[in-house]
Every structure is written in structure tokens, then in C-alpha cells.
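Here are my notes on the model you asked about. Have a look at it first, then read on.

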Amino acid sequence: MMTVKAADIFRLLPEIILSAFAVLVMVLDPFVKTRKSGLGWLALAGVIATGVGTFWTSQAPGESFRRSLAADPFSLYFILIFLLVAALTILGSVRYLERDNINHGEFYALVLMATVGACFMAASMDLILLFIGLEISSISTYILAGFKRTDALSNEASLKYFLLGSFATAFFLYGIAFVYGLTGTTNLLTINERLGRGDPAAASHFLWVAAILLFVGIAFKASTAPFQIWTPDVYQGAPAPVSALLSVGPKAAAFAILLRVFLGGLATTSAVTFWVLWLSAILTMCLGNLGALFQPNVKRLLGYSSIAHAGYVLVGIAAALRTGGAEGSASVLFYLIAYALMNVGAFVLVAHLAGTGERATSIDDYTGLGYLRPGTAAVLSVLLLSLAGLPTTAGFFAKFYVFRAAVHAHLIGLTIVAVLNSVVSWYYYLRIVVAMYMREGKTEASTYAVPWPLGTALFVSVVGILFLGLYPNLFLKLASLAARPLP
Amino acid sequence: MGWLGEHSLTVLTFLPLAGALIIAFLSPDSAKRIRWIALVVSLIEFLLAIMIFSGFSLHEPGMQFVEDYPWITSPPIGYHMGVDGLSVLLVLLTGFLTPLSILASWSGITKRVKEFHLFVLALETGMIGVFVSLDLFLFFLFWEAMLIPMYFLIGVWGHERRLHAAVKFILYTMAGSALMLVAILYLYNATGTFNLQAILEQLSSGQLALAPKVENWLFWAFFVAFAIKVPLFPLHTWLPDAHTEAPTAGSVILAGVLLKMGTYGMLRFCLPLFPHASVTYGPIVSVLAIIGILYGALVAMVQPDLKRLVAYSSVAHLGFVVLGIFALNVNGVEGAIYQMCNHGVSTGALFILVGMLYDRRHTRLIKDFGGLSTTVPVLGTFFMIVTLSSLGLPMMNGFVGEFLIILGAFRSHAAYGALAAVGVIFAAVYLLWMYQRVFLGEVTDDKNRAIPDCNWREKAMMIAVVLVILWMGIYPQPFLRRMDQTVNQMVEHIALATTSATPAATQQAARHATLKAPAETSEARR
């Protein structure tokens with residue numbers, strides 16, 4: 001019988017607070033008849049409270065529940081990203097849900113639950129617990145993707161995401177089974193110790209099979225090639241604020257698992273996993289950028305672009321696998337926070353510009369926006385240029401650190417593929433800028449003023465992007481600190 | 001000295017940006033006020049550039065007005081700026097051309113005046129930043145950031161095919177600089193610093209020795225980025241589009257300053273960092289430069305569009321500059337630097353003049369003009385002077401530069417000099433023929449009879465240009481003396497670095513070393 005110590009609970013504080021607020025939102029939902037956005041503010045308060053709780057937990061980091069959970073800098077850093085994403089998504093959704101008449105309280109509860117799942121994914125040291133986190137996060141996001149119940153595209157997105165997602169989690173589970181069969185445990189730390197000690201399982205080819213099966217499951221969530229096919233469909237069909245959440249939250253969580261499992265538990269398979277990631281990185285970058293190149297729909301375009309960004313992250317992870325050093329992982333962690341700021345910002349702004357019922361999502365709809373709504377267009381330009389990697393924005397330093405780690409790991413070929421891909425990406429980000437400023441014509445996008453909650457979210461995004469772009473020291477230090485316990 | 005003296009380069013770099021910020025807060029309706037603010041800011045900037053130019057010590061071969069502060073701790077990126085004999089001239093050129101291009105757009109730009117001047121000033125910050133940065137990272141930052149305002153200038157205020165030109169421009173340049181970024185990272189990885197001078201020290205002290213293969217790769221990674229910008233044949237195809245479609249101010253800055261960033265990069269980075277590779281590949285580059293000179297001239301000859309003609313003439317002129325640089329001797333390099341400034345002034349002025357014609361007639365086709373010297377005599381005279389300066393008539397600025405370059409090319413390889421001289425003749429052909437078709441003969445089109453001659457603003461601009469052209473042609477000493485120390489040191493550095501390598505290189509270097517006797521160079525200058 002396992003005894004629960006106070007420290008265990010304390011180290012689980014972020015997840016507990018967040019779950020409590022999710023349940024509270026759920027319970028209060030039937031009693032709140034008219035002002036559902038109040039539930040949104042409650043959820044936001046939950047996120048902020050969790051932030052405080054996380055800070056508190058970070059004062060005494062360590063493992064809990066017999067080494068199955070870790071409240072180490074790594075997981076706390078990721079929780080920070082997830083909370084940021086949740087907060088920005090909620091701020092971007094409040095008016096959106098009212099406008100599109102899908103203002104149901106469970107939306108916020110699901111956003112919080114998806115975040116709880118992601119937190120568990122980052123914090124778990126045990127494959128089973130990790131799987132449960134994956135499922136919590138997945139199921140919440142399946143529902144969120146289909147949140148526009150009467151919209152066919154939204155339904156399609158949800159179904160597609162659900163079917164392919166369950167398939168992928170099955171692979172993941174199969175991989176866990178293999179690992180358990182080979183090592184007799186599901187705890188990553190114990191696995192690492194046993195394999196490192198020269199356990200006969202370390203030489204088994206089945207371990208490679210296990211690693212590849214686990215990769216398939218993770219790759220689906222992170223939308224890396226060749227398991228990225230669903231991404232543009234789902235991001236296009238889902239309500240745009242949900243796409244904002246989907247494109248960062250579960251993705252970052254998947255990368256957290258990838259780092260934990262491949263650099264931590266299964267570090268001995270790095271000879272194989274490195275090449276798997278190397279190949280996948282190249283495919284992901286190329287397919288993502290090629291898909292986005294001539295894409296007329298902004299949501300799909302951002303979907304393809306998010307695939308490409310997953311590819312750059314893989315470059316960083318491949319570098320980490322090659323050297324085993326913290327530089328690669330640190331660059332990935334920095335990348336993810338920058339990516340969170342710019343991608344969530346871009347999606348929630350696109351949600352606003354699309355207008356009621358998300359009708360205006362084509363690039364042509366943005367024609368001339370730069371002169372009708374100069375402020376909004378300028379913010380979107382900053383977000384897009386940061387995604388493209390313009391110096392003085394967060395996107396540049398994110399790529400810069402990843403490339404530096406890759407060069408340091410002597411992955412020159414991979415780096416060249418990556419930088420060339422990033423050049424190609426300029427083309428499609430600029431297409432939106434071109435439409436806004438350089439084309440004459442009638443603007444179809446919503447020209448309503450940006451509501452203040454969304455304005456707040458965009459302000460946070462843009463200030464964050466410029467702060468990271470001009471003074472990356474602080475967050476780089478945090479990222480390096482967080483990357484240190486690995487492996 | 002005071003605060004301003006210690007931070008003169010920071011002020012110089014960010015003053016235009018501050019001006020852009022002021023404009024950002026003005027109402028878009030106050031177009032006149034915006035124009036004046038932009039002009040005044042750029043004129044103050046020009047004054048500052050003159051002060052730096054005159055305060056530049058002639059006896060110091062190294063960097064002056066240096067500012068060096070840590071900026072980002074990991075990786076160690078410094079806010080490191082300074083000017084030497086090479087960059088001080090380009091800073092002055094930038095300072096001179098920006099107010100000119102604002103004046104040139106005074107009546108031509110009528111829509112979105114606020115954004116236009118905002119971008120022009122932001123662009124100036126980027127350009128100055130490129131020339132004064134001594135940290136590889138900082139350099140790269142300005143190099144990339146500068147693209148965005150230029151992109152908007154072409155894309156928003158350009159002519160019919162502006163979107164195509166803008167995207168082509170930015171993608172071409174990005175592709176080059178992406179490879180350069182990998183090379184910069186590689187160098188950082190090998191040296192642990194982005195500080196250019198620290199890297200050079202490590203190289204010369206032997207602390208860092210690049211394997212020949214690595215050096216060759218790095219050389220090409222840097223070189224291609226710069227060659228695209230120059231542009232060197234066969235990477236020039238973005239240029240005719242961008243120059244032709246850009247508004248007048250855009251063309252002036254593109255031709256006047258942006259192209260110089262390529263040649264500046266070759267001198268600042270390729271030559272000192274990779275001396276062996278520069279010597280090894282010098283012949284290949286020189287041949288490409290000569291092809292560019294001849295090809296650019298031939299294509300310019302058959303252009304029906306005035307702006308495209310001037311654009312192709314840039315390909316030819318910049319071919320001269322690259323040829324001079326890779327002659328790797330004092331004459332060639334000094335000529336190249338001088339020609340960079342000349343080309344900026346002459347071609348910038350040509351674009352302004354073509355812009356004036358376009359403002360009057362809304363066409364750039366040569367066949368639409370003819371006999372203009374009778375209807376607009378003043379404009380015709382200015383056009384003549386600038387054309388002559390561009391084709392390198394003695395007593396004008398172009399002559400000094402081209403002469404030094406050809407001299408330098410002769411000394412490195414007689415055939416190069418001979419072929420380049422042919423290029424000079426070609427230039428005379430296409431420029432004079434253009435002038436003849438546009439300004440001489442009978443007025444064939446009645447629309448050309450009614451066009452007004454230069455107004456006061458245009459006269460003032462062109463008088464300034466003509467004065468500079470004559471000054472640089474008759475008395476080049478103040479400019480050449482400022483680059484002497486820097487160029488001598490650079491050529492010596494290359495000779496020294498390559499002597500220890502191969503016997504063939506030793507001979508070549510020794511030949512260079514003897515050729516760069518100071519007496520000889522000052523003789524050549526007369």
C-alpha cells in the first residue's frame with residue numbers, strides 16, 4: 001500500500017488547482033444562464049492561480065509518488081508554456097464564442113482539462129501515467145475541435161482528429177507494452193538505469209521497435225511527418241481559438257514526452273532514434289512548407305506552417321540526441337515558448353478577422369486591411385514576421401538557437417535544409433502581408449475593432465515576441481536551467 | 001568628447017529610426033509636415049555622417065569611434081560598432097543619398113506618405129547598421145532587418161509588376177543570407193565568439209586554423225550571400241525587376257546603397273576571414289565579374305525601358321567593383337571602394353533623373369521620348385553630366401574609380417584589365433546612345449513639347465549631385481586618403497596570410513606586396 005506524503009501533493013499542486021477549477025466551471029455551468037463569459041473569467045482566474053501554484057511548487061522541486069511524477073524545472077517550464085497558451089486561448093475565445101453563438105461553459109472546462117492533460121504529459125516519469133495524461137489532453141481536444149456542433153467542417157475535424165488520434169495512441173500503448181516486456185517496468189528512470197547498466201534488453205532489437213512505436217504515437221500529436229496529414233484539415237475545421245490551442249498545447253506536450261522518453265528513458269536507443277528524428281525533421285519541414293506555399297486559406301496555411309515549425313523543433317531534438325548535451329534541449333524549450341506566443345496570437349487574431357461564422361478565412365479577404373485597420377494589420381504582420389523568423393523578433397532567436405545547436409552537433413546538412421526551408425517559408429507569410437498592404441480591393445475580413453480581451457492577448461503576444469527578440473537572455477537562461485535535468 | 005562623441009555611431013544608427021517613430025505618431029493627413037520632418041532628420045543624419053567623416057583619423061588603420069558593450073550573454077553577442085576607411089565612406093554615401101531620395105519623392109509619392117517616409121528612415125537605420133556593425137551577429141541582424149522596409153517600398157509604392165519584384169527581391173536575398181547564417185554559426189562554433197576582430201585575431205595568431213576544405217566552404221557561403229546582393233553574374237536576375245518596379249527613392253537606395261552591401265561584405269568578411277580561399281577563387285570570381293561587365297553592358301544596350309537600362313548598367317558597374325576587389329592589390333581595392341561611392345552617386349542620380357522624366361510623362365520607354373534637350377534644357381544638361389560621370393569621363397568621379405580598378409586588374413592579370421577596358425567602351429556606347437535617343441534630335445511626340453523643366457527643388461538636388469561628381473573627379477584625395485591605411489593593412493594581411501601557404505600563392509602575394517608601395521599608388525592616382 002502506497003502512502004501519500006504531503007510533499008507528493010505539494011508537487012502536484014499545479015495539476016490539482018487546474019483540475020479543481022475545471023470541475024468548478026463544469027459544475028457552475030448549469031447555474032449560469034446568461035453571462036457565460038463569466039465562466040471564462042473564472043477559468044482565467046484558475047490559470048492564474050495555477051501559475052501562482054506553479055511558482056510555489058518551483059521553490060521545492062523534486063519527484064513525487066514514488067518517482068512516477070517529477071516537479072522538476074523541465075516540467076515546470078512546460079507547465080508555464082501550457083498556462084500561457086491556455087490564458088491566451090481563453091482571452092481570445094471569450095468574445096469569439098459569443099459572436100459565433102457557441103457560448104457554452106464546458107468550453108472553458110475543456111480548455112482547462114486539455115491543459116491538465118498536457119501538464120501530466122510533461123511531468124510524468126512513468127509511461128502509464130504519461131499515457132493517461134495523453135488521453136486526458138486528447139479527449140478534451142477531440143471535443144473542442146467539434147465544438148461548433150452544427151458546422152460540418154467542425155464535425156469533420158473532430159471525427160478525423162478522434163479516429164486518427166485514437167489510432168496513434170494505440171501505437172503509443174503498444175510501444176509501452178514492448179518496453180515493459182523488455183525491461184519489466186514502466187518507470188522511465190528505472191528503464192534508463194536498467195538499460196544503462198547493460199541489461200540484455202539494451203541490445204535487443206525489439207527496443208528499437210518499441211522506440212519507433214512510441215515515436216509514431218508522439219509524432220501524431222506533434223504533427224510531424226509522416227503523421228501530419230490530419231493537421232491542416234483539423235486546424236481549418238476547428239473553431240480558430242481551438243486551433244490556437246491545438247497547434248501549441250498538445251504539440252508542446254508531445255515534444256516534452258519526446259525529450260523525456262528519447263533523451264531520458266530510452267537514451268540507449270539514440271543511435272536509431274536520432275536517424276528516425278533526422279529523417280522525420282527533413283520530411284516535416286519540407287512537407288509543411290510546401291503545403292503552405294500556395295495555400296489560399298489562412299487557417300490551413302497556419303496549419304501547414306505549424307507542421308513546418310514542428311520540423312524545426314525536431315532539428316533541435318536531433319541535435320540534443322546527437323550530443324546528449326543540454327544545448328539542443330534548451331534550444332527546443334526556447335523555441336516552444338516563442339512558438340506559443342506567436343502561433344496562439346496569430347490564430348486568435350485570425351479568429352477575430354474571420355468574422356461571424358468564420359466566413360472570411362481566405363488570404364484574399366485580407367486585401368487592403370492594412371489601411372482600414374492599421375493597428376490590427378500591424379499586429380498580424382509582427383506575428384507573421386516572427387513566425388518567418390525576422391531578426392529582433394522571438395521567432396528569429398528561436399530558430400537561431402536551434403540552428404546553433406545543430407551546427408554544434410555537426411549536423412551541417414540538416415541545418416542547411418532547415419535554413420533553406422525557413423527561407424521558403426518567408427514566401428507564404430509575406431503573401432498575407434502583401435494582401436494586407438499591397439493589393440487594392442475590398443476587404444472582406446471583419447473590420448470591427450478588436451475586443452479588449454483579445455486585445456490583451458495580442459498585447460501579451462507582441463510584447464513577448466519583441467522581448468524575446470531583443471533580450472532573449474532571461475528565457476534562454478530559464479530554458480537552459482529546465483533542460484539540465486535531462487537526461 | 002562627451003556622451004555624443006562616445007556614442008556617435010549609436011546616434012548615427014538610430015537617429016533615423018527615432019525620426020521614423022516620430023512620424024509613426026503623426027496623423028496621416030499632415031503629408032507636408034511628414035515630408036519636412038523626414039527631410040530634416042535625414043539632413044541632420046547627413047551632417048552627423050560628415051562629422052564622422054571629417055573626424056576620422058587618417059593615420060589609424062584600425063577601427064575608430066568604437067563602441068563595444070555586451071548585449072546577449074549566451075551566446076556572447078556584443079553591441080560592437082566601429083568604422084574604418086572602408087565603412088566611413090559608405091556611411092557618408094548613405095547619409096548623402098537618403099535626403100536625396102526623400103527629395104526625389106517630394107511630388108512623386110502622393111499616397112500613403114506617412115508610411116513611405118517611415119520606411120525610408122527605418123531603412124536608413126538598417127543600412128547604417130550594416131556598415132558599422134563589427135559583430136557578426138549584429139551585422140546579420142541589420143542585414144536581414146533592412147530587407148523589410150525595402151520590401152514594402154517596392155511592394156506598396158512600386159510600378160505595375162511590383163508584387164512580383166518585391167517577393168523576388170526578398171526571397172533571393174534571404175536564400176543567400178540563410179547560408180551565411182550557417183557559416184556564421186560555424187565560425188562561432190569554432191571560435192566561441194561573434195566578434196569579428198576577435199575572430200581575425202584568432203586567425204592571425206594561428207589559434208584558429210581552418211582546414212582548406214572548411215575555409216573554401218565558408219568562403220562560398222559568405223560569398224554567395226554577398227554576390228546575390230551585388231549582384232554578380234549569374235545571380236543578378238532579381239535586380240532588373242526590383243530596380244525597375246521600385247519607386248524612384250527605392251531605386252536610388254537600392255542602387256546607391258544596397259548593392260554596396262554586397263561588395264562591402266566581400267571586403268569586410270570574405271577577404272580578411274578567408275584569405276586563402278579568396279586567392280584560390282579570385283580568378284573564378286574575376287571571370288564572373290568580367291562576364292557581368294560585358295553582359296550587363298550588352299543587355300543594357302538593347303533595353304527599351306530607361307529604368308531597366310540603368311538597372312543593367314548597375315550589373316556592369318558592380319562587375320568592375322568586384323573585379324577590383326579580387327585583384328587583391330591596393331590599386332584594385334581602392335578603386336573598388338571609390339567606385340562603390342561613385343556608382344552610388346552617379347546611378348542614384350540617373351535614377352532620380354529617370355524618375356523626373358517619369359513624373360512628367362508617366363512612361364519610361366525610350367521610344368516615347370526624343371529631342372527633350374530643346375524642351376527641358378536644364379534637365380537635359382544635368383542628365384548629360386550624370387551620364388558622362390557614369391561612363392567614366394576624365395575629371396568626373398567615375399574615371400578615377402574605373403582607372404584604379406583597371407590598373408589593379410592589369411597588375412593581377414593583363415587579360416582582366418584589357419577586357420574590363422572593353423567594358424568601359426561598351427558603357428560609353430549604351431549610355432551615349434540612350435542620351436541621344438532621349439534628348440537629341442527632333443521632338444517626335446507632341447506630348448514632349450509641353451513638359452516643364454526642372455523646378456527649384458530638382459535643381460537644388462542635381463546641383464548638389466553635380467558638385468559631388470566634380471569634386472570626387474577632380475580632387476579625390478580626401479576620400480582616398482581615408483581608405484589608404486585600411487586598404488594597405490587589408491592587402492598586407494592577405495599577403496601575409498597566404499605567404500605561408502603554397503609556393504604559388506607566395507609568389508603572387510610577393511608580387512602584390514611590391515606593387516602596393518605607397519609612392520606608386522599615389523602616382524597612379526593622378
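The points below take the two chains in turn and then their contact.

1. Keep in mind that this is a predicted model, where local features need pLDDT of at least 70, side-chain atom pairs count only at pLDDT 80 or more, and totals for chains, interfaces and linings use all residues. Residues are numbered from 1 along each chain as its sequence is written, while chains are lettered from A and ligands numbered from 1 in the order in which they are written.

2. Chain A has 20 helices and two strands (DSSP runs: H or I of at least four residues for helices, E of at least two for strands, numbered from the N terminus).

3. How much of chain A is buried? That would be 64% of its 487 residues, where buried means 20 or more other C-beta atoms, placed from the backbone, within 10 Å of a residue's own.

4. Now chain B: 23 helices and two strands. Its radius of gyration is 22 Å, close to the 24 Å that the rule gives for 526 residues, so chain B is as compact as a globular protein of that length. Buried residues make up 59% of chain B.

5. On to where they touch: 24 residues from chain B meet 23 residues from chain A (contact means C-beta atoms, placed from the backbone, within 7 Å). On chain B's side, α8(B) gives the most, with 13 residues.

Methods. Buried ≥ 20, exposed ≤ 12 C-beta atoms within 10 Å, placed from the backbone. Contact = placed C-beta atoms within 7 Å. Rg over C-alpha atoms; globule rule 2.2 N^0.38 Å.
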